[in-house]
Number of protein chains: 2
Amino acid sequence: MDAATSSSMLPVTDRTRVRRLPARGVFDRAAIYAILDEAFVCHVAFAVDGQPYAMPTGFARLDDALYLHGAAASRMVRQLAAGVDVCVTVTLVDGLVLARSAFHHSVNYRSAVVLGRARLVTDVEEKRAALRQFTNHVVPGRWDELRPITDQEIKGTAVLALPIEEASAKVRTGPPLDDADDLQWPVWAGVVPLSTAAGDPLPDVHVLPGLTPFDRERLRQRGRA
Amino acid sequence: MDAATSSSMLPVTDRTRVRRLPARGVFDRAAIYAILDEAFVCHVAFAVDGQPYAMPTGFARLDDALYLHGAAASRMVRQLAAGVDVCVTVTLVDGLVLARSAFHHSVNYRSAVVLGRARLVTDVEEKRAALRQFTNHVVPGRWDELRPITDQEIKGTAVLALPIEEASAKVRTGPPLDDADDLQWPVWAGVVPLSTAAGDPLPDVHVLPGLTPFDRERLRQRGRA
């Protein structure tokens, strides 16, 4: 974890307390940040005229803040910039838990929730650092290989910062937990692990001859920057 | 698609209209249902005391309804059963779109959003059909292999139905769309495909000797039931 991050345990609030199966609750920053740093997308929940929405979008974490971005005219950006209450959720599905009864089927997962209000980032250097992290969150080190960002591009992108002050994670691991009476039922039971797999990179038609192909092993370095 | 589903096109409402990049909007049921049927989890957005939450959870689609379930005492179930406005979002991440500038980086994805109000399912046969679909949504055909569900288990599980009446999907496919001036920039650009991969099934310690191991190829039949 970065040196710039804060004290390791987050407070348990009435809104982040894990009500169902509290043993699954996780409140230390290192564990929460590892979940955030592994995911490619988050879901942002916010309400407009009383209707809640959960919108998928890219994000990045830098120190103790979660950054979102978008076009300045987008509904999500306008709402969040106005300071509404927001919830950002990240979910990693690690496995299918196949029990001997339908009732005990489950999913192994790691999810993290960050609650609060975002602020529109106006400082150009903070915006630049956040946009750098957006890129390197996906592919570590890619920012420095790209055509440098222009002032116009920085101006044209709205960046929002959500401080990670009220957050929690929830984790399920391990095998199915069948009723003792069901253990003799003649069906396979266990866990089918799931993971996100990267396929062969597909170059676009403009890739210059002689360039180093993209090495998908770089994705294994994610979350370690 | 099932014979029991309704007319193929959903209406575009002010709440489902795709504002940013409207060409990405999808409103036909077959395309939306294909996205729903492929995902293992959804995110359910609902507000409690003005605070929106996006909670990850399992789900299933049956005909023109999306079903959720949980313990009757869970906050999500209690809120949804009270008839609050809800948004269920499903997102499949298909690829990383790596451009020559940070600005044009993107993600290939398919997401579906269903808006409305859920109702608590009280009819035992509808509950049973929904719980069957929860199981078969994950592994086609598994329900019939399991220790049969008991009346007590059906009673002990709260099932919610959200009619699919106001819904839309959003899809991005294809290569990065770089500025013409950037095409000579010497960095690899293209798409890194992402998919959900199933690893070797891990039997639990109670699996009876001689049972057929779980064949993860069965997961390829998902969404075709």
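Okay, let's start on one helix: in helix H1 of chain B, residues 29-38, the buried residues are B:Arg29, B:Ile32, B:Tyr33, B:Ile35 and B:Leu36. They span an arc of only 160° around the axis, so they sit on the same side of H1(B). That arc is taken from the directions running from the helix axis to the C-beta atoms. The background here is that an α-helix has 3.6 residues a turn, so residues three or four places apart point the same way.

By buried I mean 20 or more other C-beta atoms within 10 Å of a residue's own; exposed is 12 or fewer, partly exposed is in between, and the C-beta atoms are placed from the backbone. Helices (H or I, at least four residues) and strands (E, at least two) are DSSP runs, numbered from the N terminus.

Before I go on, this is a predicted model, where local features need pLDDT of at least 70, side-chain atom pairs count only at pLDDT 80 or more, and totals for chains, interfaces and linings use all residues. Residues are numbered from 1 along each chain as its sequence is written, while chains are lettered from A and ligands numbered from 1 in the order in which they are written.

What do the buried residues of H1(B) pack against? Strands S1 (25-26), S4 (60-62), S5 (65-71), S6 (85-98), S7 (106-117) and S10 (166-172) of chain B.

S4 and S5 turn up again in a sheet. Chain B has an open sheet of four strands, in the order S4-S5-S9-S8, with antiparallel pairing. S4 and S8 (119-120) of chain B are at the edges with a single partner strand each, so one side of each has no neighbour in the sheet. Strands count as paired when DSSP finds at least two bridges between them; S4(B) and S5(B) have three, in the antiparallel sense, with B:Arg61 opposite B:Leu66 in S5(B). Lying across S4, S5 and S9 (157-163) of chain B is helix H3 (residues 124-138), at about 125° to S4(B). For that angle, axes are lines fitted to C-alpha atoms, for helices over the stretch in contact, and angles run from 0 to 180 degrees between N-to-C directions.

Over to chain A. Of its 225 residues, 40% are buried. Looking at contacts in chain A between residues at least 6 apart in sequence, 72% link residues at least 24 apart; a contact means C-beta atoms, placed from the backbone, within 7 Å.

Now strand S2(A). Six of its seven residues are buried, so S2(A) is largely enclosed by the rest of the structure. S2(A) runs antiparallel to S3(A), with seven bridges joining them, and A:Ala47 faces A:Pro52 in S3(A). Those two strands make a hairpin with two residues between them, and A:Asp49 in the turn has a positive phi of about 50°. S2(A) also pairs with S6(A), antiparallel, over three bridges, where A:Ala45 has A:Cys87 as its bridge partner.

The contact uses 78 residues from chain A and 77 from chain B. S11(A) gives the largest share of chain A's side, nine residues. That side divides into 48 nonpolar, 18 polar and twelve charged residues; nonpolar is Ala, Val, Leu, Ile, Met, Phe, Trp, Tyr, Cys and Pro, charged is Asp, Glu, Lys and Arg, and the others, Gly among them, are polar. And 99% of the interface residues of chain A are also interface residues in chain B, so the copies meet through the same surface.

Last stop, the loop between S11 and S12 of chain A, where you'll find A:Asp200. Buried or exposed? A:Asp200 is exposed, with 10 other C-beta atoms within 10 Å.

Note on methods
Contact = placed C-beta atoms within 7 Å.
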